[in-house]
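The sequence and structure come first.

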Amino acid sequence: MARLEVRPSGIVLDVEPSETVIEAAWRHGYTWPTVCMGKGTCRACVLQVTDGADAFSPVGRWEQEGLDAATPVLPGDASSYRLACQATITGDVVVQKVGVRPA
Amino acid sequence: MSITERSPDSSAAEPGQARSRGRTVQEILAGDPVPPPETLRREHPMHVGSEEIPVERYISKEWLALEAERLWSRVWQMACREEELVEVGDTVLYEVAHLSIIIVRTEDGLRGYHNACLHRGTQLRVHDGYTPEFRCPFHGWTWNLDGGLKEIPCDWDFPQVDAAEFQLPRVQVDTWGGWVFVNPDLDAPSLPEHLGTLPGEFPWDTAARYKSLHVSKVMRCNWKTCMEAFMESYHVVATHPQILLTTGDANTQYDVYEGEAGRPGWNRMLTPSAVASPHLGDGVDETTILQGMMSTYGMDAEGITVPEGSTARATLVSMSRSMDPAATPASIPGELVSDAEAIDSILYFIFPNMQPWAGTSPINYRFRPNGDDPDSCIMDVIFLSDFTGERPRPAEVIHLGPDDDWTMAEGLGALAMVFNQDTNNLPRVQRGLHATRRSGLPLALYQESRLRQFQRDLAAFIGAD
């Protein structure tokens, strides 16, 4: 069981190895910004990893296409971003994502 | 939303009347502590038909040639700024399609001439700047600034040339808001007639600003493909997902004003900031919106909250005012800039190719075809800035090629990345327009009504159905 902390809201979730970050948020009753509801096409769910980058699954080809489109306008290091609907975690992480809130 | 199960947004009875469920712009503006200028309190939607826009207009050489002959040769178009033509002899070169025009400051005011020697056709000028007279670099034929023929070398060899018939052919020149407009058609209606009701609905004194930045970039797409990307906020959800928390995209207000006597009209859109996109559903709280705004700009949003009873909008406006206390709307000098003018995206469109932002934004756009290539165009980004004291010199043009990046233009700042996001898609759009099996584009009835009006007015100039 991995621990996900979301800032700035301070929400903490446990994440199963088999579920993506956004699926874990949904299971716990939270809303995570998205328009495509998890297909990886809208890129609205993009998060920034603050801590625990090594605990994330490798970036697949499809997620990379989304990140390539999304990150050029985002502040900071492009490699610090992941799509919440594509990434899974196997260890404790801290991420930055504005807009995560109780559904 | 699947297309077979349409959202309740589209339930209105009359075509073009359906709206997003988000709060309207007028509802948002009504809650602002510092209300906007009168004109922004008006709403003027118009149903401009539901026909498809022919794909041919974007890709065919024949259509581009018709535009050169029937649009660019006959329409008022923004050529430059008055402050680029201060001293007698200052010139600006304006080119579009096959046209090449010199605008010059003379003793009698601004004049415009077709940029071609009347002997063998050489362009008299190839760049902006001062000249005391127009002397052709080929054989030396020379004209005064007032267009009168001054000298023909070896004039004994030209007994057939009557000086009165060899004045430089003129174009119409007039100004509005510090902008210089030209029209090659000497019989065309005046510039005030062309602008119609627009000046009365544009209370920002752009003549009091100066040109602080000018980037001119070649784009791999038709000029209309490029221009129309800046005429709707419908694209925000797919193109700019990073601003959904802070942008009223689907609830943007689109106003369309008809021209008089069959002349082209003008239009505008108001996209509110610091409100959440209707695409994100209800219940995005004000603190989340503010944090979203700050994270967009790479600021630390930790511990930031919107005070009880206030809004993200009010908080952002006060931050914007404290960052730029000098910013005042030219409409009400000395008074506090309104909330809408401080943070919203308010874009006007002047037919055929000019888009000034309103409020405190410095941004202006212009779009031109690039020669006779329907798949290439030139996009100009021109900043107008306030100044105190002596008027600063206008900025030199920064030229960018089709493969250059907007970030290569110093002075655009964070906007460069947004322009990249806006324009990266465009070669892909142009390529797809050649590949599509459909003959027309099914534009949105409301959110793309500004494009529809432009296309209808363009078709009227061309004489197309």
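## Basis

Helices here are DSSP runs of H or I with at least four residues, numbered from the N terminus. The model is predicted.

B:Glu228 lies in helix α5 of chain B, which covers residues 223-228. Is B:Glu228 buried or exposed? A residue is buried if 20 or more other C-beta atoms lie within 10 Å of its own. B:Glu228 has 24 C-beta neighbours inside 10 Å and therefore counts as buried.

B:Glu228 and B:Phe454 are separated by 226 residues in sequence. In space, their C-alpha atoms are 9.1 Å apart.

## Packing of α3 and α12 in chain B

Helix α3 (residues 61-72) of chain B packs with helix α12 (residues 449-462) of chain B at an angle of about 85°, and their axes are 8 Å apart. Angles of 65 to 115 degrees count as roughly perpendicular, so α3(B) is roughly perpendicular to α12(B).

From α3(B), the contact is made by B:Leu66, B:Glu67, B:Arg70 and B:Leu71. From α12(B), B:Leu458, B:Phe461 and B:Ile462 take part. By class, five residues of this contact are nonpolar and two are charged, with no polar residues.

## Contact between chains A and B

On the chain B side, 20 residues are in contact with 16 residues of chain A. Helices α7 (286-296) and α10 (415-424) of chain B each supply at least two residues of the side that touches chain A. That side of chain B has nine nonpolar, nine polar and two charged residues.

How values were computed. Residues numbered from 1 in each chain as written. Chains lettered and ligands numbered in written order. Predicted model: local features only at pLDDT ≥ 70, side-chain atom pairs only at ≥ 80, totals over all residues. Axes fitted to C-alpha atoms, helices over the stretch in contact; angles between N-to-C directions. Parallel < 35°, antiparallel > 145°, perpendicular 65-115°, else oblique. Contact = placed C-beta atoms within 7 Å. Nonpolar A, V, L, I, M, F, W, Y, C, P; charged D, E, K, R; others polar. Buried ≥ 20, exposed ≤ 12 C-beta atoms within 10 Å, placed from the backbone.
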